[in-house]
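Let us read a few local features together. The dialogue takes them one at a time.

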Amino acid sequence: MGTCTADLEKEEDGSFRNATLKKIDELLKGILADVVKEEDFTGKTGQSILLRVSGYGFKRIGLVAYQNSGVLTASNWKSFGESVVTATKAVQAKSLGLTLANFGPGDEAQLQLRAHSIALGMSSRSIQIFLA
């Protein structure tokens with residue numbers, strides 16, 4: 001999952017403010033919040049964590065940080081795609097589902113450009129990609 005520093009802000013009870021991260025962390029019974037804290041994952045650009053989980057219908061879940069300041073260009077999103085490839089290379093995944101914790105502002109054309117740019121960044125890897 002693509003994330004940035006702002007997405008990792010927490011409520012007073014320790015849960016994520018970001019609705020997507022909060023829902024996934026609840027599904028994983030708090031593992032995501034624990035690992036973010038233990039591994040000091042701050043959402044700095046290029047930072048990543050990848051966790052092995054069982055009993056959920058998928059083997060791993062990961063967070064990969066992208067730049068969240070200023071105007072995000074196609075080049076920034078391509079770099080994010082490259083970071084995703086780097087983060088998942090060691091586990092030799094054959095398929096990958098990818099979403100962002102926060103899609104941010106933008107119309108349909110801008111969202112499609114982001115998805116296209118991310119896919120370009122990931123194209124160096126022979127993997128089946130699902131963008132959500």
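**Reading backbone, packing and charge**

A: Lys29 is exposed, at 69% relative accessible area. This is a predicted model.

Q: Where is Lys29 placed?
A: Lys29 lies in the loop between H1 and H2. Its phi is positive, about 60°, although Lys29 is not a glycine.

Q: Which value does phi of Asp40 come near?
A: Phi of Asp40 is near 55°, again positive in a residue other than glycine. Asp40 sits in the loop between H2 and strand E2 (48–52).

Q: Is Asp40 buried or exposed?
A: Over 50% relative accessible area counts as exposed. Asp40 has 54%, so Asp40 is exposed.

Q: How do I read the angle at which H1 and H2 cross?
A: Angles of 65 to 115 degrees count as roughly perpendicular. The axes of H1 (residues 19–27) and H2 (residues 31–38) cross at roughly 110° and come within 6 Å. The two helices are therefore roughly perpendicular to each other.

Q: Which residues make the contact?
A: H1 supplies Leu21, Ile24 and Asp25, and H2 supplies Ile31, Leu32 and Ala33. By class, the contact has 5 nonpolar, no polar and 1 charged residues.

Q: What is the nearest side chain of opposite charge to Arg114?
A: A salt bridge needs a nitrogen-to-oxygen distance within 4 Å. For Arg114, the nearest side chain of opposite charge is Asp107, 7.6 Å away. Arg114 is buried and has no salt bridge.

Q: Where is Arg114, and which residues is Arg114 in contact with?
A: Arg114 is in helix H4 (residues 108–122). Leaving aside neighbours within four places in sequence, Arg114 is in contact with Trp77, Phe103, Gly104, Pro105 and Gly106.

Notes. Residues numbered from 1 in each chain as written. Predicted model: local features only at pLDDT ≥ 70, side-chain atom pairs only at ≥ 80, totals over all residues. Heavy atoms only, no water. Axes fitted to C-alpha atoms, helices over the stretch in contact; angles between N-to-C directions. Helix = DSSP H or I, 4+ residues; strand = E, 2+ residues; numbered from the N terminus. Parallel < 35°, antiparallel > 145°, perpendicular 65-115°, else oblique. Contact = heavy atoms within 4.5 Å. Nonpolar A, V, L, I, M, F, W, Y, C, P; charged D, E, K, R; others polar. Buried < 20%, exposed > 50% of the residue type's maximum accessible area, 1.4 Å probe, protein only. Lys, Arg positive; Asp, Glu negative; His and termini not counted.
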